[in-house]
Amino acid sequence: AGLSLGSAGQIVKVNSGATALEFGSAAAAGVIQTVRYGTGSGWQQNMSGTSFTQINNGATDFDVTITPSAASNSILIFGQLHVQMHPSSNNYAGGVRVVRKIAGGSTENNFSVGNAHGSRPRVSFWATTQQAGYEPVYSWCICDKSHNTTSAITYALEMIAHGGHTITFNYHPNHGDGNEGYKSQAFSTIMAQELGHTIADA
């Protein structure tokens, strides 16, 4: 008798028993959605050397929100951050961790950080200034495959500094205004991208 007519957008595929054809939805693959927050504003923020502080440019948190279409889909969180850890001293270092809140709940901060080792802070990546007067850029990419939700997820960055001092983002505070390259103002961004599958560990 053949197949009846399926619904709009459906495809013909083999059924689970491999005994006949049926209509069904195509499996999602590749990139499903991407959201981004970015800013070219320069700002300074006081950071602690013993606890984490959420990065905030004075007007809004440096974060991004995405709502997964499937609880099993992996989320990539990536971006770039221009950071001057100390404006006038060498060899200052700190750490940044990616954190998440699901449906506005409590902050989860251990899904993509270093392993526990004594009392060391667990971070997603380091941020260092090895020579005063220069502002490094940090690019990162992590994978969240443990969220297990289709509710909105907000990903943000938290920093712990070398000591209690001021951190500068997107510019160098001691270089002043001018058209030379070393006085440039930069752009920092964070992006979240839902994939139509779960990323497998190698």
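Colleague: Where is the place of His 197 relative to strand S14?

Modeller: His 197 sits in the segment after strand S14 (188-195); strands are DSSP runs of E, at least two residues, numbered from the N terminus. Bear in mind that this is a predicted model, in which local features need pLDDT of at least 70 and side-chain atom pairs count only at pLDDT 80 or more, while totals for chains, interfaces and linings use all residues. Residues are numbered from 1 along each chain as its sequence is written, and side-chain values use heavy atoms, with hydrogens and water left out.

Colleague: Why is His 197 called partly exposed?

Modeller: Its relative accessible area is 39%. Buried means under 20% and exposed over 50%, with partly exposed in between (1.4 Å probe, protein chains only), so His 197 counts as partly exposed.

Colleague: Which residues is His 197 in contact with, leaving aside neighbours within four places in sequence?

Modeller: Gly 30, Ser 72, Asn 73 and Ser 74, where contact means heavy atoms within 4.5 Å. Ser 74 is 123 residues from His 197 in sequence, yet their C-alpha atoms are 6.2 Å apart.

Colleague: What makes Thr 168 buried?

Modeller: Thr 168 has 1% relative accessibility, so it falls under the 20% limit and counts as buried. Thr 168 belongs to strand S13 (residues 165-169).

Colleague: With which side chain does that of Thr 168 make a polar contact?

Modeller: With the side chain of Gln 44, at 3.0 Å. A polar contact is a pair of N or O atoms within 3.5 Å; within protein, one must be able to donate a hydrogen and the other to accept it, and residues adjacent in sequence count only if both atoms are side-chain atoms.

Note on methods:
Helix = DSSP H or I, 4+ residues; strand = E, 2+ residues; numbered from the N terminus.
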